[in-house]
Amino acid sequence: QIQGWRGKPAQRKEWLFPNIDWVAEHLLPYAGPGLVFQLDDNYAYNDDATMRGFADYIRSKGLVPGIWFTPYVVAPASEHAKHPDWFIHDKKGKPIRTFGGKNWGGNFTLNVNNPEAVKTWFAAWWRKTSETWGYDFFKIDGQPSVISAYRRATDGGGLDGYRKGLAIGRKTVGEEKFINACYGIPLDAIGLVDGSRTGPDTGNWPHAMGVIIRWNFLNNVAWFCDPDAAANLYRATVQRARLNAQARVLTGQQFLTDDVWVKVPPA
C-alpha cells in the first residue's frame, strides 16, 4: 500500500484509510473473515498512537490488521557502541548487517542469545507490534539474509540461534497470530512460521506461475506459500489481472495483492 515510497513515513492516514475502505467494501464480501490489510515498510514506527489507530481502523472494517517489520534489525546502530554483545559479529569481530528496509535501513543484527538484547529490542518489538499496536499478521522481512548472518557469525549460535529468535517471536505474539517470513525461501524457518514468501517481487511480472509450481509441494504442509503480491493491477488489463489472480487462487496458496485500490476500475 505504498505509492512510489514518497515521503517518510509513506504510510499515512490520508493514503491508507480510503484504500482500507475500498478493500472492505469490494473484497471482503468475497474473502470473508481472515482478509488481512497489511501495512508495508516506511511507517511511523516511533508513534504508537498512530500505529494503533491504523490497526483499530482496519479491524473496525472487518479486516485483520497486518504489519511489516524486520525483527532482527530493529535496534539503531548507535546501540552497538554501548552494547556490542547485543549483536552478532563475523570472525574478524565486525558487526554483521542485514536487511532493514526503509524503517531501519539495514543496521546491525541483534543477538537473540543475549537476554538484554532480547528484552530491550527483539522481544520488545514483537510485543509492541502485537500488544501495543494491535496487529495480528506479521510479515517479517530479510529472513534469508539473517539466516546467512547467523550461520557465519562466531557469537550467534548458528542456525539454532536464528531459530531461537523465531521461537521468541512466536511465544511473544502467541499461537493464534500469523507469522509470514520473507523474502526468498527461508527454509530454515519451517516449523516456527505460518507462511513464507516463495518468490521475488512480482509487481512487474505477467504472473508468478514458476514459483507457484516449484514450491507448491510445501503449501499447507510445511507452511502456506506466498508467491508474493499480484501488484499494481489497477494499471493492468483485465486479462492480466485475471491471470495473476487465477495463478494463485487455484493452488490454494496465499493470495497477496498490492494496489492503489481507489484507482482500480470496475472491471
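Trainee: Which residues does Ser-196 touch, not counting residues up to four places away in sequence?

Mentor: This is a predicted model, in which local features need pLDDT of at least 70, side-chain atom pairs count only at pLDDT 80 or more, and totals for chains, interfaces and linings use all residues. Residues are numbered from 1 along each chain as its sequence is written, and side-chain values use heavy atoms, with hydrogens and water left out. Contact means heavy atoms within 4.5 Å. With close sequence neighbours up to four places away set aside, Ser-196 touches Asn-180, Ala-181, Gly-184, Pro-186, Trp-223, Phe-224, Cys-225, Asp-226 and Gln-254.

Trainee: Is Ser-196 buried or exposed?

Mentor: Ser-196 is placed in strand β5, residues 195-197. Buried means under 20% relative accessible area, exposed over 50%, and partly exposed in between, with a 1.4 Å probe and protein chains only. The relative accessibility of Ser-196 is 0%, so this residue counts as buried.

Trainee: How many helices and strands are there in the protein chain?

Mentor: Helices (H or I, at least four residues) and strands (E, at least two) are DSSP runs, numbered from the N terminus. Counted in this way, the protein chain has 10 helices and 8 strands.

Trainee: At roughly what angle do the axes of α7 and α8 cross?

Mentor: Axes are lines fitted to C-alpha atoms, for helices over the stretch in contact, and angles run from 0 to 180 degrees between N-to-C directions. For helix α7 (residues 143-152) and helix α8 (residues 158-173), the axes come within 7 Å and cross at roughly 135°.

Trainee: Which word describes how α7 and α8 lie to each other?

Mentor: Angles under 35 degrees count as roughly parallel, over 145 as roughly antiparallel, 65 to 115 as roughly perpendicular and the rest as oblique. The orientation of α7 and α8 to each other is therefore oblique.

Trainee: Which residues of α7 and α8 make the contact, and how many of them are charged?

Mentor: On α7 the contact is made by Gln-143, Val-146, Ile-147, Tyr-150 and Arg-151, and on α8 by Gly-158, Leu-159, Gly-161, Tyr-162 and Leu-166. Ala, Val, Leu, Ile, Met, Phe, Trp, Tyr, Cys and Pro count as nonpolar, Asp, Glu, Lys and Arg as charged, and the others, Gly among them, as polar. By these classes, the contact of α7 with α8 has 6 nonpolar and 3 polar residues, and the number charged is 1.

Trainee: Within what distance do the axes of α6 and α8 come?

Mentor: Helix α6 covers residues 115-132. Its axis and that of α8 cross at roughly 40°, and the two helices are therefore oblique to each other. The axes of α6 and α8 come within 9 Å.

Trainee: How far apart in space are Trp-121 and Trp-86, C-alpha to C-alpha?

Mentor: Trp-121 is found in helix α6 and is buried, with a relative accessible area of 18%. The residues that Trp-121 touches include Trp-86 and Leu-110. In sequence, Trp-121 and Trp-86 are 35 residues apart; in space, C-alpha to C-alpha, they are 9.4 Å apart.

Trainee: Which residues does Lys-128 touch, not counting residues up to four places away in sequence?

Mentor: Lys-128 is also found in helix α6. Apart from residues up to four places away in sequence, Lys-128 touches Asp-48, Trp-133 and Gly-134.

Trainee: What percentage of the residues of the protein chain count as buried?

Mentor: The protein chain has 267 residues. Of these, the share that counts as buried is 51%.
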